[in-house]
Amino acid sequence: MRAVIIGAGIGGLAAAVALRKVGVEVLVVERAPAIHEIGAGLSIWLNAIRALRELDVDSALAPCSSVVERILSRTSSGRPIGIIDLRNLSGDVGIACICVHRADLQHVLLEALPPGAVRTGSNCVAFDGTDAILASGERISGDALIGADGISSVVRAALHGAHPPRYAGYTCWRGICNNEDVLPERAALLVTAAGSQFGAWPCRPGQIYWFLTKNAPAATCQTRTDALALCRNWAPPVPHIIEATGDDAVLQNDIIDRPPLRGWGRGPVTLLGDAAHAATPNLGQGACQALEDAVTLAHCLRSVAPPEAALRAYEKLRIPRTTAVVKNSWKTGRRLQTEQPALISLRNWLSATSLGAHLQRQMFRELLAFRVPKL
């Protein structure tokens with residue numbers, strides 16, 4: 001069997017690694033001329049760490065990732081409002097969460113594939129059956145076609161129509177800076193304010209990944225200077241972290257997602273990762289769900305025949321879980337981005353109570369308890 005995968009992001013590369021482990025020949029088709037170091041930090045939670053173990057790449061990722069054991073929650077004035085201790089959620093793997101640069105994870109997955117498994121500079125513009133049709137007119141054939149080409153997926157548009165993504169109402173700055181001991185060891189920081197949230201995670205040895213959000217109209221250009229102005233009077237270390245980040249190390253993008261689909265594919269064609277279930281980043285599950293997809297897809301293609309039936313089995317396993325993640329991520333973002341003083345006070349009060357801590361632990365346990373199939 002041969003699978004053609006459109007897109008060499010985290011999901012596409014992970015799917016290629018997983019499929020090769022179960023004896024499926026793969027070709028990944030990527031429109032970019034080369035695999036470049038882009039993006040910022042990714043939180044990889046326990047559910048996805050299990051997936052990385054099935055792909056046999058977890059050990060290669062360890063030297064370039066940072067373990068996170070606690071998330072410290074504060075207001076913008078510096079008042080503590082809660083601690084999420086992740087050590088009790090570690091389960092069978094031994095760690096509950098790591099943070100890694102997207103480029104490092106992409107590189108590790110790429111290194112797990114043989115030469116020639118990824119074809120760059122090949123822009124897929126349509127498909128016919130399981131033939132990927134390139135902008136040049138060339139056709140690439142396989143027994144199954146997997147659309148892993150992101151939130152603006154060509155494969156998804158052909159299957160379900162071309163629709164714009166859904167704007168969440170806020171934009172986000174992301175950056176990487178050197179860690180100057182501004183975070184406690186193995187701890188991440190979450191700061192909430194009216195219409196904004198800030199997060200800082202250890203990412204790579206000696207580095208910090210951070211993000212800052214702001215309610216704003218869509219497609220509003222925001223610079224590092226705007227980010228500094230927003231939080232200049234916030235308690236340390238927030239202003240210092242942003243000041244320590246160079247202009248060229250800051251990305252700004254609107255937060256978008258796509259409402260869940262009831263079905264993903266048809267015939268020998270399906271979707272994977274953001275092409276199937278793009279979510280806002282509020283639960284840190286974007287890459288995690290793509291990794292789960294990859295392992296589950298390989299399991300189904302190994303266990304079920306023909307390919308059409310295997311892809312429908314994969315979708316049946318994945319759609320309920322990813323739909324819940326998309327919906328819960330959206331709801332969490334709405335709560336964190338509220339500007340209503342009464343709701344902010346209630347949110348902060350609940351976070352500081354034992355009930356709030358219990359509800360958070362319960363949410364994380366339900367999210368992280370998922371176990372991918374064994375490969």
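Helix H9 is largely enclosed by the rest of the structure, because 14 of its 18 residues are buried. Here, buried means under 20% relative accessible area, exposed means over 50%, and partly exposed lies in between (1.4 Å probe, protein chains only). The model is predicted, so local features need pLDDT of at least 70 and side-chain atom pairs count only at pLDDT 80 or more, whereas totals for chains, interfaces and linings use all residues. Residues are numbered from 1 along each chain as its sequence is written, and side-chain values use heavy atoms, with hydrogens and water left out.

Helices (H or I, at least four residues) and strands (E, at least two) are DSSP runs, numbered from the N terminus. The expected span of a helix is 1.5 Å times one less than its number of residues. The table sets out the two helices from first C-alpha to last.

| Helix | Residues | Span | Expected span |
|---|---|---|---|
| H9 | 286–303 | 26 Å | 26 Å |
| H1 | 10–21 | 17 Å | 16 Å |

Helix H1 is mostly covered, with ten of its twelve residues buried. Among them are Ile-10, Leu-13, Val-17 and Leu-19. The cover over the buried residues of H1 includes strands S1, S2, S3 and S8 together with helices H4 and H9; contact means heavy atoms within 4.5 Å. After H1 comes Gly-23, whose phi is positive, near 90°.

Helix H4 contains Gln-106, which is buried at a relative accessible area of 6%. Leaving aside residues up to four places away in sequence, Gln-106 touches Ala-8, Gly-9, Ile-10, Leu-13, Ile-35 and His-36. The loop between H4 and strand S8 holds Pro-115, and this residue counts as exposed at 84% relative accessibility. Pro-115 and Ile-255 are 140 residues apart in sequence and 35 Å apart in space, C-alpha to C-alpha.

**Strand S12 and its partners**

Two strands pair if DSSP finds at least two bridges between them. Strand S12 (residues 144–147) pairs in the parallel sense with S1 (residues 2–6) over four bridges, and Ile-6 stands opposite Gly-147. S12 also pairs in the parallel sense with S18 (residues 269–271), over three bridges; there, Ile-146 is opposite Thr-270. Ala-144 and Ile-146 point one way from S12, Leu-145 and Gly-147 point the other way, and all are buried.

**The seven-stranded sheet**

An open sheet of seven strands runs in the order S6-S5-S14-S15-S16-S13-S17, with mixed pairing. Strands S6 (80–85) and S17 (250–257) stand at the edges with a single partner strand each, so one side of each is left without a neighbour in the sheet. Neighbouring strands of this sheet are turned by 20° against each other on average, direction ignored. Within the sheet, S13 (residues 166–178) and S16 (residues 207–215) pair in the antiparallel sense over nine bridges, and the bridge partner of Thr-171 in S16 is Lys-214.

Helix H10 (residues 307–336) lies across S13, S14, S15 and S17, running at about 80° to S13. Axes are lines fitted to C-alpha atoms, for helices over the stretch in contact, and angles run from 0 to 180 degrees between N-to-C directions.

**Aromatic pairs**

Rings of Phe, Tyr and Trp (its six-membered ring) pair if their centres lie within 6.5 Å; planes under 30 degrees apart count as stacked, over 60 as edge-to-face and the rest as tilted. The whole structure holds five aromatic pairs. The rings of Trp-45 and Trp-201 are an edge-to-face pair, because their centres are 6.0 Å apart and their planes are at 80°. Trp-45 lies in strand S3 and Trp-201 in strand S15, so the pair ties together parts that are 156 residues apart in sequence. Trp-45 is buried at a relative accessible area of 3%, and Trp-201 counts as buried at 11%. The rings of Tyr-209 and Phe-211 have centres 6.4 Å apart and planes at 40°, so this pair is tilted; both residues are buried. Ring pairs also link Trp-45, Trp-201 and Phe-364 into a cluster.

**Cysteines**

A disulfide is a pair of cysteine sulfur atoms within 2.5 Å, and the structure holds zero disulfides. Cys-288 is in no disulfide, and the nearest cysteine sulfur, in Cys-97, is 7.3 Å away. Cys-288 is buried, with a relative accessible area of 0%. The sulfur of Cys-300 is 20 Å from the closest cysteine sulfur, that of Cys-288, which is too far for a bond. Cys-300 counts as buried at 3% relative accessibility.
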